[in-house]
Amino acid sequence: MATPWDNAAQGYVEEWMPRFVPYHMDLIREVKLAPGQRVFVAAAGPGAEVLAAAREVGETGFVRAVDSSAMMASICREKVEAAGLKNVEVLHGDASEIDGGTWDAVLCAFGLWQLQDRVTGLKAWRKGLSQAGKIGILTWGPTEEDDLFERVARCLQHCEPDVASPNPKSFALRDPMNEMFEKADLTMVRHTVVRHTLSFKTAEAFIAALKESCTWRRVWEDLGDARLGKVAARFYGLVGGPDAPLAWSPPATLAIAGVPGSEIDIASRASVRVPVTGSVPPPSAVKK
Ligand SMILES: C[S@@+](CC[C@H](N)C(=O)[O-])C[C@H]1O[C@@H](n2cnc3c(N)ncnc32)[C@H](O)[C@@H]1O
């Protein structure tokens with residue numbers, strides 16, 4: 001079945017994937033993969049994190065990438081082939097379809113917010129996880145006033161109050177994230193915010209790129225050029241005009257969870273005993 005991501009795939013690859021790679025690299029580093037491990041990548045998109053994971057686990061390891069957009073899966077397959085990686089399988093399917101043995105890690109970068117039922121997704125991944133396995137999530141948020149994604153969303157809200165923000169961020173916060181993991185019988189052992197600078201030559205180029213992203217593309221298609229043009233005009237007014245260069249560092253939340261009672265390795269702390277109660281160490285106790 002076609003998904004809205006099929007049409008948005010090429011624009012995502014050109015405009016967003018290169019800008020998001022530093023975030024993907026944070027996830028790969030923090031989750032700490034080892035040679036020979038088996039990694040399931042859910043909602044893999046064009047696969048930047050897939051390539052990075054495949055290199056970490058090496059020839060003796062294995063990575064399966066799954067995406068529900070046939071176009072995204074096909075682009076991911078091309079990128080895997082172009083990189084000469086033989087230890088990766090790319091499937092067109094739902095993120096929750098995790099079978100084929102146990103997995104040392106499940107990774108989901110910028111995909112969890114897309115799932116209709118996140119807890120059901122996490123429960124499926126939990127079932128496929130090895131005893132010392134870990135789940136690594138990367139998701140946009142928390143909400144920050146001056147994040148340009150947020151500012152443009154607020155312009156949308158101002159001009160079109162009936163249209164919902166295309167990218168919900170509320171579950172990125174520590175407590176909701178913790179709660180979500182607990183509902184899936186997982187315990188969060190790491191919750192941190194990472195940020196990297198994104199830049200665009202002009203505000204107009206940013207809006208054009210946004211139009212190519214899946215969710216904003218749908219908003220654009222629904223409202224049409226004239227109404228969305230007003231949203232863009234409002235945004236330009238806030239940032240110094242359509243020709244103003246833009247650079248900002250949007251926060252993304254990186255969270256890692258494991259099976260309660262297990263012993264797992266993550267970059268910030270080797271050999272973590274995953275608490276059974278789901279108590280999360282305070283940020284001060286976690287070394288970066
Ligand atoms: C923002 S992109 C992220 C892609 C990639 N992980 C990255 O970080 O660049 C979200 C991806 O989630 C995929 N997706 C959405 N719902 C899905 C589902 N239920 N199962 C699998 N993939 C899904 C979309 O097709 C899209 O490729």
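A residue counts as buried here if 20 or more other C-beta atoms lie within 10 Å of its own, with C-beta atoms placed from the backbone.

**Figure 1. Overall fold of the chain in a predicted model.** By that criterion, buried residues make up 44% of the 288 residues in the chain. The secondary structure consists of eight helices and eleven strands. Along the principal axes, the C-alpha atoms fill a box of roughly 55 × 40 × 30 Å. The radius of gyration is 19 Å, which agrees with the value near 19 Å for a compact globule because the chain has 288 residues. Of the contacts in the chain with a separation of 6 or more, 78% are between residues 24 or more positions apart.

**Figure 2. Residues around the ligand.** The ligand is surrounded by 21 residues, and the closest are Trp5, Ala43, Gly45, Ser69 and Ala95. Two or more residues of this shell come from each of helix H1 (4–31), helix H2 (48–57) and strand S2 (62–67). Helix H1 gives the most, with three residues. Sorted by class, the shell around the ligand has twelve nonpolar, six polar and three charged residues.

**Figure 3. The hairpin of strands S10 and S11.** Strand S10 covers residues 263–266 and strand S11 covers residues 269–273. The two strands pair in the antiparallel sense, over three bridges. Two residues lie between S10 and S11 in this hairpin. Glu263 has Arg273 in S11 as its bridge partner. In a regular strand, side chains alternate between the two faces of the sheet.

Methods:
Residues are numbered from 1 along each chain as its sequence is written. This is a predicted model: local features need pLDDT of at least 70, side-chain atom pairs count only at pLDDT 80 or more; totals for chains, interfaces and linings use all residues. A residue is near a molecule or strand if its C-beta atom, placed from the backbone, lies within 6 Å of it. Helices (H or I, at least four residues) and strands (E, at least two) are DSSP runs, numbered from the N terminus. Ala, Val, Leu, Ile, Met, Phe, Trp, Tyr, Cys and Pro count as nonpolar, Asp, Glu, Lys and Arg as charged, and the others, Gly among them, as polar. Two strands pair if DSSP finds at least two bridges between them. The radius of gyration is taken over C-alpha atoms; the globule rule is 2.2 Å times the number of residues to the power 0.38. A residue is buried if 20 or more other C-beta atoms lie within 10 Å of its own, exposed if 12 or fewer, and partly exposed in between; C-beta atoms are placed from the backbone. Two residues are in contact if their C-beta atoms, placed from the backbone, lie within 7 Å.
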